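The following report describes selected parts of a predicted model. Please read it alongside the sequence and the coordinates.

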Amino acid sequence: MALLSPLLFASSLFMAGVENPVYLAKFENKQQEIKTRISFHHALLADDEKGILLQLSNAEVLLLKQSGVSLSSADELWSHKVERARSQHALAQVQTSGIAGYPCYATVEETFAQADKLAKDYPDLTQWIDIGDSWQKQHGEVGFDLNVLKIGNKSLVNPPVLFIQSALHAREYATAGLTLDFAKVLLEGAKSDPDIAWILARHQIHILFQSNPDGRKIAERGYLQRKNYNENYCASSKVGVDLNRNFSFGWNTVEGGSSGDACQETYRGPSAGSEPEVAAIESYIRTLYPDVRGENDTDAAPNTTQGLYLDIHSYSRLILWPWGHTEEPSPNQKGFEALGKKLAYFNNYLPQQSVGLYPTDGTSDNLAYGELGVAHITFELGTDFFQSCSYYEQVLKPDNIEALLYAAKVVEAPYLLSQGPDIENIEPLGMQDGSISIKAVATETRFNKRNGGLPMHAIAQAYYSVNSYPDQDNLKTASFADGMANSESETIIAQLNSSDLIDGQATVYFKAQDIEGNFGPVSAFKIDTRLPQLQASVDCVGAKCELKAENLSADFSYLWQLPDGRTSTEKTVTFVLPQMGEQTILYQLSNKYSVQGQLNVIANVTQLIEPQASFTEQCQGFICQFDASGSQDADSLGLNYEWKIDNKVVSSELGYQHDFVQAGSYDVQLQVSDEHGQISQQRSTISLAAPVVVEPPVVVTPEAKKSGGAAFFGGLSALFGLLILRRRKIL
């Protein structure tokens with residue numbers, strides 16, 4: 001069947017299909033919203049401040065209304081959101097890499113190129129494995145290989161395996177971005193991070209970054225493609241098969257758990273495992289994990305089962321575990337709940353069983369847990385299918401990298417280890433008489449409490465080993481800081497001798513056990529008592545010298561000491577030296593183990609910079625404000641000020657107010673001096689005049705004119721008479 005032209009295909013996809021209208025869903029409570037997000041994830045378009053936008057068929061509208069969800073038409077609101085999304089993609093024309101408008105996410109080709117480079121850069125720890133083909137490649141079109149990056153000790157036989165798949169649904173941008181970044185964190189930290197070092201020595205992490213590469217290429221153009229590219233089904237806007245309804249175990253076994261309509265977003269395909277992407281994943285997974293579960297839903301996998309399968313999706317900020325096809329808890333519910341809530345501690349997502357308003361079938365957890373008994377967790381990352389890069393970099397990535405590292409720790413027995421105490425806040429207390437004390441906290445309180453708690457038990461024992469992973473032969477018992485083990489959180493102490501150090505270094509491994517007998521995962525800490533080669537730089541402008549330690553680390557303490565006794569403990573400090581010439585400054589570096597080293601740093605002052613006095617004045621009447629803040633000195637930390645008026649010292653402040661009382665000319669002088677006795681002056685003559693008094697004009701009212709007319713003329717007569725008398729006198 002021929003597919004629509006790419007242009008028409010893309011245009012229809014951007015509106016997520018024109019067959020069904022868009023609704024704004026509002027909820028009675030948070031749990032109703034979460035269950036709707038799970039069951040109608042295929043219909044989810046975007047979040048809105050008033051609810052969520054869903055594209056629904058008539059049957060789905062009826063289901064939601066029967067569940068008490070309020071629905072209102074939102075086609076216009078969705079159109080506005082589409083236009084904004086189009087604008088963001090249009091602004092990305094100048095990008096040289098990444099998905100248009102979202103440069104933090106590698107394209108399919110870039111993902112493969114970066115993973116291939118990791119394999120070449122870390123050949124001892126990696127293998128780039130082709131496990132199958134995408135639908136397009138299998139059918140002779142462009143298409144892609146399905147490649148897994150295998151990370152860890154290659155010599156291990158049947159090791160505990162953490163398998164992670166991402167981007168099974170094409171439109172979920174952040175998922176492949178996160179797993180690619182996780183691979184980089186593992187490989188870049190293999191030598192420097194003691195936890196990553198032991199994880200990769202004992203475990204393997206297998207990552208399928210692009211599980212649906214054909215579909216992702218459509219989504220990279222800004223279209224909400226969910227399914228794969230199988231053009232044999234629904235040759236319209238909703239082409240393809242929903243890969244997360246196509247897994248073989250439990251396929252098409254639950255009424256309403258998937259769709260047989262090829263144009264629905266949850267179309268399960270014509271048969272179980274029909275899609276090449278799913279077939280490749282199933283074949284590969286069965287080589288990694290043995291089948292350890294019985295035939296019935298009520299048959300639990302052994303608590304000691306190794307392995308963990310993570311399916312990374314977006315969005316809704318959820319951590320989900322089986323079952324999804326029934327509201328009945330799985331027989332491994334206790335372990336799943338502990339694992340899910342421990343993972344959700346790091347990202348603060350809501351942890352819960354994956355069933356929503358109605359069940360699902362043919363999903364990846366059916367393969368992992370339903371068929372094989374392997375622990376399976378689904379992540380629903382973030383707040384958008386096209387997650388912004390700012391949110392990804394600042395929130396989503398750091399929180400979820402920590403969650404993935406925890407998953408990599410517990411893979412030896414995830415059902416059990418997640419129920420035991422965790423180790424956190426490891427730090428050295430210092431060295432005394434050749435003995436090094438390391439403290440840590442063993443705790444059962446580190447889990448997400450948003451959806452109920454977990455049983456917490458007192459810590460019974462804490463152990464440590466030095467320079468090798470803890471086992472029965474090398475365990476040492478840690479002491480409790482308060483001398484008692486009676487709390488869900490305890491500070492524990494490990495003691496090392498100088499003989500434990502190899503070239504000044506050691507790795508300490510901690511683990512703890514609660515009173516129920518549950519062990520938690522191991523956490524490691526690297527001790528390094530060595531000091532690096534001391535280096536420091538000096539940069540002088542006149543006598544003002546900046547001293548900068550080149551050995552910058554939070555693990556070090558710094559001390560600068562001048563010949564005149566001045567000191568500083570900052571990594572970078574500025575001193576004004578007292579004189580010209582060379583002066584020796586002591587630079588001392590210390591670590592947390594009381595190991596010290598020192599270096600003599602030579603500062604050479606070749607010139608002194610003279611200060612420049614400058615002031616402004618502003619007068620009103622006889623009162624003037626003087627301001628010397630314009631004065632400068634390039635090699636002084638502060639100037640001294642002296643104000644004189646008519647040669648009389650009146651102030652030593654930066655600013656000064658003076659009342660001159662009367663008019664006149666006054667001589668004002670500012671003198672500034674620096675630490676080196678250098679002086680600069682500015683003088684100014686202030687001329688102040690007496691204010692001019694202006695008498696107000698006489699205003700004659702009409703009444704005054706009437707009553708005062710006689711007086712006015714009488715006044716004139718008197719004046720005329722006086723002039724006559726004066727004339728007579730003069731004559």
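In which sense do strand 1 and strand 3 pair, and over how many bridges? Strand 1, covering residues 22-26, and strand 3, covering residues 51-55, run antiparallel and are joined over four bridges, with Val 22 standing opposite Gln 55 in strand 3.

Apart from neighbours within four places in sequence, the contacts of Tyr 23 include Ile 52, Leu 53, Leu 54, Val 61 and Leu 71. Ala 74 is another of these contacts; although 51 residues separate Tyr 23 from Ala 74 along the chain, their C-alpha atoms are 4.7 Å apart.

**An enclosed helix**

Helix 12 (residues 364-371) has eight of its eight residues buried, so it is largely enclosed by the rest of the structure. The buried residues include Leu 367, Ala 368 and Tyr 369, but also Asp 365 and Glu 371. Among the elements that cover them are strand 7 (161-166), helix 10 (276-288), strand 9 (308-314), helix 11 (333-347), strand 12 (375-381) and helix 14 (414-417). Just after helix 12, Gly 373 adopts a positive phi of about 85 degrees.

**A pair of crossing helices**

The axes of helix 7 (residues 173-188) and helix 13 (residues 389-409) come within 10 Å and cross at roughly 60 degrees, and the two helices are therefore oblique to each other. Their crossing is right-handed. On the side of helix 7 the contact involves Ala 174, Gly 177, Leu 178, Asp 181, Phe 182, Val 185 and Leu 186, which meet residues of helix 13 including Tyr 392, Lys 397, Asn 400 and Ile 401. The residues of this contact divide into ten nonpolar, two polar and two charged.

**A covered strand and its partners**

Strand 19 (residues 505-514) is mostly covered, with ten of its ten residues buried. Gln 505, Thr 507, Tyr 509, Lys 511 and Gln 513 point one way from the strand, while Ala 506, Val 508, Phe 510, Ala 512 and Asp 514 point the other way. Which strands pair with strand 19, and over how many bridges? The table lists the pairings.

| Pairing | Sense | Bridges |
|---|---|---|
| Strand 15 (residues 459-466) and strand 19 | antiparallel | seven bridges |
| Strand 19 and strand 20 (residues 523-528) | antiparallel | six bridges |

Terms used:
Residues are numbered from 1 along each chain as its sequence is written. This is a predicted model: local features need pLDDT of at least 70, side-chain atom pairs count only at pLDDT 80 or more; totals for chains, interfaces and linings use all residues. Side-chain values use heavy atoms; hydrogens and water are left out. Two strands pair if DSSP finds at least two bridges between them. Buried means under 20% relative accessible area, exposed over 50%, partly exposed in between (1.4 Å probe, protein chains only). Contact means heavy atoms within 4.5 Å. Axes are lines fitted to C-alpha atoms, for helices over the stretch in contact, and angles run from 0 to 180 degrees between N-to-C directions. Angles under 35 degrees count as roughly parallel, over 145 as roughly antiparallel, 65 to 115 as roughly perpendicular and the rest as oblique. A crossing is left-handed if the near helix is turned anticlockwise from the far one by less than a right angle, and right-handed if clockwise. Ala, Val, Leu, Ile, Met, Phe, Trp, Tyr, Cys and Pro count as nonpolar, Asp, Glu, Lys and Arg as charged, and the others, Gly among them, as polar.
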